[in-house]
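Morning, everyone. I have one structure to go through, and I will keep it short. Please look at the screen.

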Amino acid sequence: MSTHEIKPSNLNWAEIMFEDVNQAFEHAQLLEDQLKDPNLSPDARKFIEACLDDLFSALFDGAFFND
């Protein structure tokens, strides 16, 4: 029997669906509020910042390339 270790680098970003742009901005606000936590670990902070970067990038792209 073999085992396989699952590492974060082996995983893909989970897809999040929003009903509208306002809901996406509300989620961004929630993430920004989490960043204010002084007890947040450096790894968690980096992860949340990366999530915010991806979210704002998607919102920015959607603002100019919406069909």
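What share of the contacts in the protein with a separation of 6 or more comes from residues 24 or more positions apart? The share is 43%, where contact means heavy atoms within 4.5 Å.

Before going on, this is a predicted model: local features need pLDDT of at least 70, side-chain atom pairs count only at pLDDT 80 or more, and totals for chains, interfaces and linings use all residues. Residues are numbered from 1 along each chain as its sequence is written, and side-chain values use heavy atoms, with hydrogens and water left out.

The protein has 2 helices and 0 strands; these are DSSP runs, helices being H or I of at least four residues and strands E of at least two, numbered from the N terminus. Of its 67 residues, 15% are buried. Buried means under 20% relative accessible area, exposed means over 50%, and partly exposed is in between, with a 1.4 Å probe and protein chains only.

Now the rings. There is 1 aromatic pair in the structure. Phe 25 and Phe 56 have ring centres 6.4 Å apart and planes at 45 degrees, so the pair is tilted. For the cut-offs, rings of Phe, Tyr and Trp (its six-membered ring) pair if their centres lie within 6.5 Å; planes under 30 degrees apart are stacked, over 60 edge-to-face, and the rest tilted.

Phe 25 sits in helix α1 (residues 21–35) and Phe 56 in helix α2, so the pair ties together parts 31 residues apart in sequence. Helix α2 covers residues 42–64.

Phe 25 is partly exposed, at 42% relative accessible area, and Phe 56 is partly exposed too, at 34%. That is it from me.
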